[in-house]
Amino acid sequence: MRAARLIKMVLLLQSRPVMTAAELAAELEVSERTVTRDAQALSEAGVPVYADRGRAGGYRLVGGYRTRLTGLARHEAEALFLSGLPSALREMGLDEAASAARLKVSAALLPSLRDASRSAAGRFHLDAPGWFHEPTAPDMLPAVAEAVWDDRPARVRYRRGTGHEVERELFPYGLVLKAGVWYLCARAGEDFRVYRVDRFTAVAVSKTRFVRDEDFDLPRFWEERAAQFARSILRTEVTVRLSEAGARRLPYAVDRAAAEEALAAAAGPDGDGRLTVTLAVESEDVAYGQLLGLGPELEVLAPAPLRERFAGAAERLRDLYR
């Protein structure tokens, strides 16, 4: 543990001209007294760590000292490619590996380029979860991530949507973070399937490895399955009449692909400037919740029960605002 800390201290000093004891203590998560002891140990080992005294002082490396301990370990290199997803790294237990990888890269750069990581981080940030939802990391995510990284089969218990639990042996191929929800893409038997990680109640990772199918393309697989899923849940059709503003807002209220398809298939506007479209939706209940937000910019024509629900909602709103 101390050896790793000493290496990290050298890399920190190599990547910056000078660091105070307080800054080093914060980076290394130790006390300033421990920093002093570690600096003394490095000096005794032949690493030229020099301490400048005074208010503007700190620790620095003398004489352009360069360590050769900058080679990336495999897990550090893999984590580096995810460094734009800090929350995802934390949830998978890879934040320390990514931190070490970034530090090694910084230490290996020329002095004129060492601010590159800070410059990029200050300009680009990816926030994956959706608005108004507090993301929570699934309990089984670190174990699932371990199986994915190391190509290890896993014996799992999975809770279906009905609440019934089943046991499966899976060959994990990839993880996907979609709008704050983690999904596992895995081979079960001969088929590739998608599982919500928050529905795993137990994960036992094997000590053996499996041979991946090199033809498996995670982005392409996810895109195809996501499109299939989106189409599969749109089992009902509703007919609506939209104002110009309603037509503009429709793709933001319902499934975008379904809305764009419906608008493209619509005939021209009627005498009142309104479009009549037939829209694929998940169910009448879902359509009611989604379309009600368009207010007077939308009129439901069919099916009749849904039109009656909108008429009832309109009457209640009229009574409230009378």
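A salt bridge here is a side-chain nitrogen of Lys or Arg within 4 Å of a carboxyl oxygen of Asp or Glu. Arg-196 and Asp-198 meet that definition, with N to O at 2.7 Å.

Some ground rules. This is a predicted model, where local features need pLDDT of at least 70 and side-chain atom pairs count only at pLDDT 80 or more, while totals for chains, interfaces and linings use all residues. Residues are numbered from 1 along each chain as its sequence is written, and side-chain values use heavy atoms, with hydrogens and water left out.

For burial, I call a residue buried under 20% relative accessible area, exposed over 50%, and partly exposed in between, using a 1.4 Å probe and protein chains only. On that scale Arg-196 is partly exposed at 27%, and Asp-198 is partly exposed at 33%.

Over the whole structure, the search finds 16 salt bridges. Another of them pairs Arg-152 with Asp-150, the closest N and O atoms being 3.7 Å apart. Arg-152 is buried, at 13%, whereas Asp-150 is partly exposed, at 27%.

Now Arg-241 and Asp-270, which form a salt bridge with closest N and O atoms 2.9 Å apart. Arg-241 is in strand E8 and Asp-270 is in the loop between H11 and E9, so this pair ties together parts that are 29 residues apart in sequence. Those labels are DSSP runs numbered from the N terminus: helices are H or I of at least four residues, strands are E of at least two. Arg-241 counts as buried, at 18% relative accessibility; Asp-270 counts as partly exposed, at 30%. Through shared partners, salt bridges join Arg-241, Asp-270, Asp-272, Glu-299 and Arg-307 into one network.

Next, the nonpolar cores. A core is a set of buried Ala, Val, Leu, Ile, Met, Phe, Trp, Tyr and Cys residues joined through side-chain atoms within 4.5 Å. The largest has 23 residues, and the members touching the most others are Val-238, Val-240, Leu-242, Leu-250, Leu-279, Leu-291 and Leu-298. At least two residues each come from E8 (236-242), H10 (244-253), H11 (256-265), E9 (275-281), H12 (284-291), E10 (298-302) and H13 (304-321). E9 gives the most, with four.

What does Leu-291 touch, not counting residues up to four places away in sequence? Its contacts, meaning heavy atoms within 4.5 Å, are Val-238, Val-240, Leu-250, Val-254, Leu-279, Leu-298 and Phe-310. Apart from this core lies another, of 18 residues, including Leu-170, Ala-186, Ala-188 and Val-197.

Which residues of H11 are buried? They are Ala-258, Ala-259 and Ala-262. Around the axis they cover an arc of only 100 degrees, which puts them on the same side of H11; the arc is taken from the directions from the helix axis to the C-beta atoms. H10 and E9 are among what covers them. On the other side of H11, Ala-257, Glu-261 and Ala-264 are exposed.

Last, the surface. Leu-317, Leu-320 and Tyr-321 make a nonpolar patch of about 410 Å². Patch residues have over 30% relative accessible area and no salt bridge, with like charges joined within 9 Å and nonpolar side chains (Val, Leu, Ile, Met, Phe, Trp, Tyr) within 5 Å. Areas come from the Shrake-Rupley method with a 1.4 Å probe, and for residues only the protein chains shown count as cover. Leu-320 lies in H13 and is exposed, at 68%.
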